Amino acid sequence: MEQAFKDAERKQWREHVDHHALVPLSVADSQAVRARVDPRRILGSRFAYRDKHYAKRRADPSISWKPKARLVISGHQDPDLPEMTGLTDAPTLSRSGMILMLQILANHLDHNWGASAGDISAAFLNGEELTRELYLRQPKGGLGDLHPSQLVRVCKGVFGLADSPRSWWRKFRKEIDHLRLRGPSGREAVFSQCPLDSCIFLVQERAENGELGPPFAYLGVHVDDLLLIGEEKVRKEIQRLLSDAFPVEEWEENHFEYIGSVINVEKDKVTITQEMYTETRLFTVEIAPGQEDDEEATDEQRMDSQSLIGALGWLSNQTRPDLQVGVSMSQQVQKNPLVGDIKFVNQLARKAMEHKGEGVVL
C-alpha cells in the first residue's frame, strides 16, 4: 500500500509539471534564488493522502483502496496574503440553484430531457498564470527525481494558495464566453450567465437582432464539477464542446454522484439522495449504563455528539428536511449537553439511518 501512495505522489507531481503549474529549477538556480529573494517567497509543501474509495469500503469491505496524493503548498504563509482581501472569493453553485435546475429537468422529462455530470481534471492547474514570484520547497519525501536542494517555481494557482479558486473561475469564465454551438433551429447559441446564480449558465440561441431566445439547456458549475441538463441530443453536443475546451475525461448520465448527493433521473421524477453518506458518516454516541438523562454528558460524549450533529446538519440541509427541526434543537445545546440531549441526537441518527434511501423527490 505504501508503494501505491508513492505512485500517487509521482502522478500528482507529473500532473503539475505537464500543466506548467510548477517548474523545477536547477541546483545552481535554486541557490541563486535563495540568495536573491525574500525567504518568505519560498513556501513549504506537503502531500495530503486519502483513499478515494473510503466511503465505498465502509459499506463494502471487499472494495479495494484507491490511493490519492494531493500536493499542497503552505498558502497560509503566502507573503501576499494580507493584500488579497476581497480578491480570493470564487462562486460555487448554490443548493437552491441546483434544485432549481433539477426541477426544470423534471418539468421536461416528457421531452426526453436528462442530466449529465462531468469532472474537470486538475482544474486549478488549468487556471491563469501566476503574476507574482513564488517558489516551493519540496516536501520531506521529495518530488520525483529532483535533488533535495532544488526549488520549484510556482507558475499557476496550485492547491493551497488563497487565490487559486478565483484564478480558475476567471479562466473558466473567459473560456465559456467564447464557446459557440448550433441551437435546435440552426442559429448560433451561447452560454449566458444566469442573473440569479452566477454558476448557472443558460444555453440560448441568438437572433439576428442580438436578442437571446428561451434556454434549451442549462449548465451548473461547482468549482470543477459540471452539471448539464437538456434534451439528449443537445447534451451530447454540449458535452463534446465542453470536453474540447476543458479536460473532462468522461461524462456520467442520469445516475451519478454530484457534490455529495446521488442524482437519479427516472421517467417521471428526479430524486436526490445521500444513502452512501448516511451509511458511512453517521453513528450513535455511546452512553454508559446507569447514566441519567439530567446528568451532564462527558467530554468525550460532547465531542462525539458535536461531530454527529455536524454530519446530521449537512444531511438535513441537502436531502433530509424531515431532520431539520431536530438538528436545530440539538445545535442549540451542543456546547453543554445533558445525557438526555445525547440520547435525542442518537434518536435522530437512527431515524436517518432507518430511512437512508429517502431524499428529495421532484
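Two strands are taken as paired if DSSP finds at least two bridges between them. Helices (H or I, at least four residues) and strands (E, at least two) are DSSP runs numbered from the N terminus. The structure is a predicted model, in which local features need pLDDT of at least 70 and side-chain atom pairs count only at pLDDT 80 or more, while totals for chains, interfaces and linings use all residues. Residues are numbered from 1 along each chain as its sequence is written, and side-chain values use heavy atoms, with hydrogens and water left out.

Strand β1 pairs with strand β7 (residues 152-154) through three bridges in the antiparallel sense. Within this pairing, V154 of β7 is the bridge partner of L22. Both strands belong to an open sheet of four strands with mixed pairing, in the order β1-β7-β6-β2. Because β1 (22-24) and β2 (42-43) each have a single partner strand, they stand at the edges, and one side of each is left without a neighbour in the sheet.

The protein as a whole contains 10 helices and 17 strands. Its C-alpha atoms fill a box of roughly 70 × 60 × 45 Å along the principal axes. Of the 362 residues, 44% are buried, that is, under 20% relative accessible area with a 1.4 Å probe and protein chains only. Among contacts (heavy atoms within 4.5 Å) with a separation of 6 or more, 68% join residues 24 or more positions apart.

A nonpolar core is defined as a set of buried Ala, Val, Leu, Ile, Met, Phe, Trp, Tyr and Cys residues joined through side-chain atoms within 4.5 Å. The largest such core has 52 residues, and F172, F191 and L219 have the most contacts inside it. Helix α4 (residues 95-107) provides the largest share of this core, six residues. Apart from neighbours within four places in sequence, F191 is in contact with I176, L179, L181, F201, L202, V203, L219, I238 and L241. A second, separate core of 21 residues includes A122, L125, L134 and L143.

Residue S164 lies in helix α5 (residues 164-177). S164 counts as buried because its relative accessibility is 0%. When residues up to four places away in sequence are not counted, S164 touches F124, G157 and V158.

Notes:
Buried < 20%, exposed > 50% of the residue type's maximum accessible area, 1.4 Å probe, protein only.
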